[in-house]
Amino acid sequence: MVNDKEITVVVSNTFSPLEINRMQRECPDYVTFYATDENNPDMDLLMQADIIIGFFTPEAVSQCPRLQWLQLTVVGFEKYILPGITPRQATITNARGAFGQEVSEHMFAVLLSLLKKLEIYRDNQTKHVWHDEGMVRTLTNATVLVVGAGSIGTAFAQLCSALGAHCIGFRRH
């Protein structure tokens with residue numbers, strides 16, 4: 001049992017032991033880290049958590065009366081603010097903005113692949129077919145509409161702009 005002067009942090013086992021050890025080293029002695037599986041958590045351990053870091057189910061979080069802070073490793077938090085899920089005293093934070101660069105680079109790679117017809121040329125190469133597939137497109141002087149100009153959309157627009165595109169962004173909030 002954890003005493004009232006200690007802070008118990010339960011993290012998802014998606015963090016490596018090296019990452020968990022580093023977190024422990026960076027914190028004061030009265031903070032202790034434990035890891036458990038997000039999909040099949042040790043509920044006795046989770047119920048003792050003052051802080052949870054990960055993407056545990058709302059049902060699991062609803063069983064954590066001591067919880068003071070829930071740090072989600074995803075953006076979506078809507079299910080956690082429903083009545084009876086996260087204790088009233090708990091603060092919820094999410095990973096908004098954490099993956100903008102990585103996701104936008106993937107989007108950019110897919111866009112370039114489509115503009116240059118790389119999937120068609122790849123399939124032709126596999127079939128040993130060597131002929132022109134017509135004009136390819138460029139981003140230079142193109143207009144790119146970004147629907148959702150949050151961290152991902154903004155980073156995507158910056159990548160497109162770097163190749164000469166004019167970007168128009170819309171953001172819901």
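Select Asp 123 to begin. Asp 123 is partly exposed, with a relative accessible area of 33%. The scale used here calls a residue buried under 20% relative accessible area, exposed over 50%, and partly exposed in between (1.4 Å probe, protein chains only). This is a predicted model, in which local features need pLDDT of at least 70, side-chain atom pairs count only at pLDDT 80 or more, and totals for chains, interfaces and linings use all residues. Residues are numbered from 1 along each chain as its sequence is written, and side-chain values use heavy atoms, with hydrogens and water left out.

**The salt bridges**

The term means a side-chain nitrogen of Lys or Arg within 4 Å of a carboxyl oxygen of Asp or Glu. Arg 122 is partly exposed too, with a relative accessible area of 49%.

How many salt bridges does the structure hold? There are two. For the other pair, select Asp 50 and Arg 66. Their side chains meet at 3.0 Å, N to O. This pair links distant parts of the chain, 16 residues apart. Asp 50 sits in the loop between α2 (43-46) and β3, and Arg 66 in the loop between α3 and β4 (69-72). The helices (H or I, at least four residues) and strands (E, at least two) are DSSP runs, numbered from the N terminus. Is Asp 50 buried or exposed? Asp 50 is buried, at a relative accessible area of 11%.

**Around β3**

Move to Phe 55. This residue lies in the loop between β3 (51-54) and α3 (58-61). Phe 55 is partly exposed, with 40% relative accessible area. Phe 55 and Gly 76 are 21 residues apart in sequence, and their C-alpha atoms are 9.9 Å apart in space.

Next, pick Glu 38. Look for it in the loop between β2 (31-36) and α2. Glu 38 counts as buried, at 12% relative accessibility. From Glu 38 to Ile 51 is 13 residues in sequence and 14 Å in space, C-alpha to C-alpha.

**The start of the chain**

Go to Lys 5, in the segment before β1 (7-12). Lys 5 counts as exposed, at 72% relative accessibility. Select Gln 68 with it. Lys 5 and Gln 68 are 63 residues apart along the chain, and 14 Å separates their C-alpha atoms.

**Two packed helices**

Two packed helices are described by the angle between their axes and the distance between the axes. Show helix α4 (residues 100-115) together with α6. They pack at an angle of about 50 degrees, with their axes 8 Å apart. That makes α4 oblique to α6. Angles under 35 degrees count as roughly parallel, over 145 as roughly antiparallel, 65 to 115 as roughly perpendicular, and the rest as oblique. The axes are lines fitted to C-alpha atoms over the stretch in contact, and angles run from 0 to 180 degrees between N-to-C directions.

Stay with α4 and select Ser 104, which lies in this helix. Ser 104 counts as buried, at 0% relative accessibility. Ser 104 and Ala 157 are 53 residues apart in sequence and 8.5 Å apart in space, C-alpha to C-alpha.

**A nonpolar patch**

Select Ile 152 in helix α6 (residues 151-162). Ile 152 counts as partly exposed, at 32% relative accessibility. Which residues make a nonpolar surface patch with Ile 152? Phe 99, Val 103 and Met 107 do, and the patch covers about 290 Å². Patches are made of residues with over 30% relative accessible area and no salt bridge: like charges are joined within 9 Å, nonpolar side chains (Val, Leu, Ile, Met, Phe, Trp, Tyr) within 5 Å. Accessible areas come from the Shrake-Rupley method with a 1.4 Å probe, and for residues only the protein chains shown count as cover.

**Last stop: positive phi**

Most residues other than glycine have a negative phi. Select His 128, in the loop between α5 (118-126) and β6 (143-147). His 128 has a positive phi of about 60 degrees although it is not a glycine. His 128 is exposed, with a relative accessible area of 60%.

Finish on Asn 141, which lies in the loop between α5 and β6. Asn 141 has a positive phi of about 65 degrees, and it is not a glycine either. Asn 141 counts as exposed, at 70% relative accessibility.
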